Each structure stands twice: as structure tokens, then as C-alpha cells.
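Hi,

Here is the structure I promised to pass on. Have a look at it first, and then read my notes below.

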Amino acid sequence: MQADVAMEEWGVVLGVAAGAVRGSIPYLFVSLGECLTEKSGKINLGMEGVLLMGAMTAFAVSDQSGSPWLGLLAAAIVGAMLGAVHAGLTRFPKVNDVAAGIAMILFGSGLAFFFGKQFVAPMAPQLPLIDLGSWSASPAIHSALRISPLFFCGIALGFALHFVFQRTRWGLRVRAAGDDPLAARSIGIPVDRIRMTATVAGAGLAAVGGAHMTLYFPGIWSEGISGGQGLMAVALVIFARWNPLRCVAAALLFGGAQALGPSLQAAGQAGYYHLFNASPYVLTLALMALTCSRHGGVSGAPGALGRNG
Amino acid sequence: MRPPSIEVRGIRKRFGGVRALDGVDLRVEPGEFHALVGENGAGKSTLAKCMLGINAIDEGNMLVDGTLWSAGDPRLARQHGIGMVFQHFTLIPSMTIAENLSLPRPGLPAIIRWKEERERLRAFFANAPFQVDLDARISELSAGQKQKVEILKELYLGTKFLMLDEPTSVLTPDEAEEVLIRLRAMVNRGDLSVLLITHKFREVMKYADRVTVLRKGRTAGARSVSATCPEELAGMMMGETRTIEVVERDAKVGGPVVFAVAGLRTRGDKGVDVLHDLSLEVRAGEILGVAGISGNGQRELVEVIAGQRPYHQGRISVNGERYVPERECMQRLGIYVLPEVPLRNAAVPGMTVAENIALRQFDRPPFTHNGLLSYAAIRRAGAELINRFSVSPPSPDLPIETLSGGNVQRAILARELGGQEIRVLVAANPCFGLDFGAAAFIHNRLVDARNRGAAVLLISEDLDELLDLADRIVVMSAGRIVHESIRSQADQVEIGRHMAGHAAG
């Protein structure tokens, strides 16, 4: 009896850990993409639309071509295109980033739903998994340690982005453009071009996060697939204070919160799992309330964030 | 590399229909400290930007080391060692000094090796005029330190002919002194030529070798500093025909205390206290000057008095009666405010000049009858005040945002000083960025109000202005009054030390 309870708790912990790894991938890519975008001074709220378009495109291309890697590439390209639309729209001084971003959420998700209609049923070829658990006899551990390569890519991306911001000329230019465009221009930095590049690259990365949602078990496309993760990832960047390494940590936290409900359900706790399913949303609200002080914004924000012209 | 010789001949520049430069000649020898003076709008900054290549030159020549040079690109100017420190900062606030100095360096590799960059910076700092902490973030620096970093950045990038656009306007007297002394030393060593754009004759007389005076886009003359005097320069700047009216101060000493602030505490934008138990008293017929470096709570103090910021402790009173910063109370107690950046703090930008002038009185006769506004009365009163306060262009119907800074200032001054009996007048940096003539006009109005018995609180970053006008000077530092001196005993050095916060304890 006692052993069962212990097994059960162990199962929940393992489930949450495995879920954190699996569920963090969209958060990782979207938040790192948004981090890059916002460091350049732009806000792209349209990440929710990018995520859905990425998911749908990856699914469709993988299904048609039979290659999930091709699907991944196509998703990144489509995401980058949506980013270019956003950056193009908000390049004009009087276009508001937030308003354009909301329009891009609707545009991206509408487009994804429209083209995705015909793909609702089948299952597309999925990305291969890296098997790290073959040493274990326990099937639970074995399945928990079958990890998507995208997870490692995402972690590496966090460190790479950190390196870019600290140690590369381009990274310094992105930060300069985001913090004080006037000063940046005066030392010869092409602010508009930098922002365009950062927004396009950021949206391309976010779309890879979307691709993961359809190219990983159970590998089906449905309209409710993102569940607002694109928007939560934007909030996550604020919580991470625009630092790529903190983005990685925060993405893992959100992934874990998301896995809490399903893990409890799998362990037989049927009662409250709906409540626990809401934990990422509650977490978002709680973190926002904690990090945004009443008196003036969050420290670490790029100085010209969301201001055009 | 020695500093180049720089010469411009007959430069003209138009912006639309306005002739900004209309025949300017200027010559700066290698290793010379040259001053450029002139009223606002005389074309000083435009000339510098033309020489740097930010503005294209319409007509005329520029010679660098005797050869014709067509400026067209600031980057090209940089290659020839021509650089400029602007009035606005060009540093990235969230970055460190090391990052700010390295980022614009030509030849910075795509992957930065900070060890090498630091080696380079260390070598540069062995001979630099100021020492700074390379790891300090710009946002943590005072205006004075930022100004030093701006200069260091130019020198690091190899500037040999350095133009500075009113570099001392954001500095304390001590800092200004230090910056100019160090630059002067570099010029003396022959490492640098300087073109200093300034309003302050004291700086010209003390540091420059030669001075060129601009008037209305033309060179009014050039002098050797040893062979001229401030009076001659002022005459050249303004033309011989204009004279400046001076309102004399009444000799009488102040009356009873009219305006009192006691134990005031308020929070700044970031939520921390910026005023700590601030107390001050202003007497009738007295100008109390508040000196201090910006960012020590002056702005917040004015905002509290103007009703823009709540306070959570303390008391403000006029003639012993508690003052509540609301319209009705302001009017009853006769308190008027001339805040800094009046277009933002004291005007509705899209409304006309006349409407803005009527903002204090619009809901009472003659402007309102039976609850209806009379625009005719508003326009008539506006036109009269526009005339009296020489607002230009003299039209009551233009949106106030279309006026120049000095004229917005005049229009707001007209509203605040227009007719009513003034018991208290609060003015914050009323002459910031205004030229000679406009500043003198506003100074006269302040002295006038004082002579008529008003209690005037003058908050200013310009110590010369305070020494000129105030009956008493207090120094504000970190949200407190830290020093007080009366007019006859005011000592600029002592006040400067308190402003810099060096006199604690």
C-alpha cells in the first residue's frame, strides 16, 4: 500500500519532469524569438498566430512530403514571412506595435485554420526522438527520457542568443537599436534594418516552436492546439527580464506547470485535474502581478520597446 | 596625426524658406581653442552640422588642411578626424561604457573579443583626459559623467577637430570647469583643436584663443580673445541697434512669509521617496532661488505644487492657509506656476494660443455668460496679452504647439502673469534653451512680479541665473535643502560644492 502511494508520487514527479521537457519546447522557441524581437525594440504579439501557422505548415508539409524535417523548415520560413509582415507594418511611425500584433494574431490563426481544415484528421510523420532511457528497465523512465532533439536545440539557442547579445557586433547593434534608436542612428547603426532582421528571425524561431506541437506525439493538427502558449510566451519574456538564459529557465517552469494536470490525471487523481490544467494561466497572471511593480515598468526593459519612429 | 586646419568660406544653407546660414566664414587653426557664439537661431548648430556633413551645404566651400572638401557623410568626416559632441546624448543607456566606446569603433570584428577591446581601451585611457569605470552602465551615470563619456568616445574614435554644442549646459560649475580645463590641456599639447559652441561669455574669455560671432546666419566678426571683451561680443551678437531693458530690483527687503512648504515627502516615478522632509519659505517681495543638479527632486517639487503629483506627507500653505493644488484654490490664493517644458506641463498642445491663455479664467465672466463660452472674449483677451508679451507670430488662433519654445514660454507667462494679483509665482528653468533676448524678457517679468510683492520661487539649473536674480539661494540635493545663503554672501564655489553633494556632514 505504502509502496503504491510512493510509486504514485514518484510517477507524478516523473510525469511533470518529462512534461516540462516536452511542454517547454514551444515556450522556449517563442520566448527566445520574442526576446530577440523585443531586444531590438519591437513587440510582436502576433506570436500566437505565428505559432499556429508554424504548427499547421509543419503538419501539412510533413504530411505531404513525408519528411518532418522539411515540415520544420517550411514552418520556419512561413513564420519568418509573418514576422516580415509585422515588421513591415510597424515600420511606420504611427503604427502601434500592440495593435498590429493583435491583428497579426487574428490573421495568423485565421490563416492557419483556413488552410488547416483539410488536415484535421490524419497523422503526419513525426520528428525522430533521442532515446536516453534505454539503460532503464522501467518503462516510465524509458518513455520519459525519449526526448525531442528540438529540446536540445532550444537550450542551445538560449545560450547562443546570450552569446550573440554579449559578444557579437550584431548583438550589440540589436541592443542599441532597442534601447535608444536615436543614439543608435547617430553612431551609424541602421535601426530599421536591424529591427526588421530581428523581427523576421524571431518569428521564424517561434514557428519552429509551433512545428514541435504537430511533429511530436500525438502529432495531430487541431485548431485548439496552442491554447494561448504564444501569448504566454510573450509574457514570459517580461518575467525573464529580456535575458535569454532566464527565458530558458522560465520556459521549463511553464512546461512543468502545463504538465501538472495531465500527470495528476495519469496518476489517477481525476478530481481536480481540470483545475491543474489551468496552472500555466494562473502562473502567468501571478508572475505578471509579481514582476510588474505599481510604480513604473519592469527593470531591464529595452528603453525604446514598442516605440516607433 | 595632428589636428587639421579647418576653414569655411561663404557657407549658405536653407531649410525650406528659412535662411539658416547666409554667408558664414570661419577658420580654426590646428591646435586652436575656438569659440562660436551667437543668439538662438543664429545658426551655430546648423553650421557645425554642415561641417560634419549631417546637413548638406547649399553654397560655399569647406577646406580641410587647405584642400577643398565636400562634407556629405559624418562617417567620412570621422575618417578625417572631424567629430562632434551633440546637445543630446548619443550613448546607449543600458550598455556599459566599454560597450558604448567599442560599438562605433570602425573595424570592430563580428565576434567581439572583449579581452582585446579592453586592452585597446586601457591603452587609450593611459593618455585620456578623464578616467571612468569601464563597467559602469550609462543609465547609472550623472549628466556630467555622460558628457565626459561622450567626449571620450569622440577622442577614442580618433577625433582631432572636436566640435562641442553647449557641452556645459548640463554640468555643475565644477564639472564644467574640469571638462574645459582638460580639453584646454589637450589643445595646449597640440593633440586637438576645439570648436566650442556656447552661450557663456565667461567660458569664452577663460578658455578660448579666438572667437567667432554669428548673427542671423552671418559671421558678425571674429576676434582674438585677448583683444575683446564680453560687452563687445554681446554687441556683435545682437547688432548695435537693439538694447535690452533691465528692470531694477527694489532695494526693499522681503515682507512676511507668504509661501511655505513644510516637511514635504513624495515619491518619484520609480516609487521611491525623492523629497525627504523638504521645507522652505518664501517671503513677499522675495525671489528664492533653488539651485541643484537636475534629478534631485526639483521636477517632483514643481509637479506637487502644480497638482501633477500627489504627496503623502507635509503641508503647503499660502499666508497660513492650507494650499490644495486645485483650480479653485489656486485662484483664491493667487498661486501661479511656470513649469519647465511648458508645452507638455502647462499647455494643451492642440488648442489655440488664445484658448491656452484663457485656461485659468475661461469659466468666469467675461469669458463665460450663463454657462456658455464667449470665444470672442477669449480671442480679444488673448490678442491683448499676445501683444503685451510679444508672442510671435502674433496670432491668437494658431495651435500653441506650432510656436517655438521661447514663444510657448511667453504665452504661458502671459497667462500666469497676465492680470490677476499674484501672491506666489513658481518658475522652473524658465529660460532653458532660450537666447539672450528672450531670457532677459522673462527675467524682467520675474523681477517685476517680485517688486510688486509676489513671493517668487525660482528653480533653476543655471547658477548664473540664480546669482543674478535671487534674494536668497538654497541648494537642493537628493530631495533635501542642504545649504542656504543670502544674496550678498552667495559664493559660487561653495554652492557648487553643495550641488555636487560633496559637502555632506
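Let me start with a helix pair in chain B. Helix α14 (residues 405-417) and helix α15 (residues 436-451) of chain B have axes that come within 11 Å and cross at roughly 10°. Angles under 35 degrees count as roughly parallel, so α14(B) and α15(B) are roughly parallel to each other. On the α14(B) side, the contact is made by Q409(B), R410(B), L413(B) and L417(B). Facing them from α15(B) are A438(B), F441(B), I442(B) and R445(B). By class, the contact of α14(B) with α15(B) has five nonpolar residues, one polar and two charged. Please keep in mind that this is a predicted model.

Chain A has a helix pair to set beside that one. Helix α6 (residues 149-167) of chain A packs against helix α7 (residues 169-179) of chain A at an angle of about 80°, with the axes 5 Å apart. Since 65 to 115 degrees counts as roughly perpendicular, that is the label for α6(A) and α7(A). What makes the contact between them? From α6(A) come V164(A), F165(A), Q166(A) and R167(A), while α7(A) brings R169(A), W170(A), G171(A), L172(A), V174(A) and R175(A). Sorted by class, the contact of α6(A) with α7(A) holds five nonpolar, two polar and three charged residues.

Back in chain B, there is an open sheet to look at. Four strands form it in the order β2-β1-β4-β5 (chain B), with antiparallel pairing. The edges are taken by β2 (18-28) and β5 (67-68) of chain B; each has a single partner strand, so one side of each has no neighbour in the sheet. Helix α1 (residues 44-52) of chain B packs on this sheet, where it touches β1, β2 and β4 (59-64) of chain B. The direction of α1(B) makes about 70° with that of β2(B). Within the sheet, strand β1 (residues 6-15) of chain B pairs with β2(B) over eight bridges, in the antiparallel sense. There, R14(B) stands opposite R19(B) in β2(B).

P4(B) lies in the segment before β1 of chain B. Is P4(B) buried or exposed? Its relative accessible area is 3%, and buried means under 20%, so P4(B) is buried. Leaving aside neighbours within four places in sequence, P4(B) is in contact with several residues, including V28(B), P30(B), V64(B), H80(B), F161(B) and S193(B). L425(B) is 421 residues from P4(B) along the chain, and their C-alpha atoms are separated by 51 Å.

Strand β16 (residues 335-338) of chain B and strand β19 (residues 424-428) of chain B pair in the parallel sense over four bridges. V337(B) stands opposite V426(B) in β19(B). From β16(B), I335(B) and V337(B) point one way and Y336(B) and L338(B) the other way, and all are buried.

Finally, the cysteines. How many disulfides does the structure hold? Zero, over all chains. C153(A), for instance, is in no disulfide: the nearest cysteine sulfur is that of C247(A), 17 Å away. C153(A) counts as partly exposed, at 42% relative accessibility. C229(B) also counts as partly exposed, at 31%.

Cheers

How values were computed
Residues are numbered from 1 along each chain as its sequence is written. Chains are lettered from A and ligands numbered from 1 in the order in which they are written. This is a predicted model: local features need pLDDT of at least 70, side-chain atom pairs count only at pLDDT 80 or more; totals for chains, interfaces and linings use all residues. Side-chain values use heavy atoms; hydrogens and water are left out. Two strands pair if DSSP finds at least two bridges between them. Helices (H or I, at least four residues) and strands (E, at least two) are DSSP runs, numbered from the N terminus. Contact means heavy atoms within 4.5 Å. Axes are lines fitted to C-alpha atoms, for helices over the stretch in contact, and angles run from 0 to 180 degrees between N-to-C directions. A disulfide is a pair of cysteine sulfur atoms within 2.5 Å. Buried means under 20% relative accessible area, exposed over 50%, partly exposed in between (1.4 Å probe, protein chains only). Angles under 35 degrees count as roughly parallel, over 145 as roughly antiparallel, 65 to 115 as roughly perpendicular and the rest as oblique. Ala, Val, Leu, Ile, Met, Phe, Trp, Tyr, Cys and Pro count as nonpolar, Asp, Glu, Lys and Arg as charged, and the others, Gly among them, as polar.
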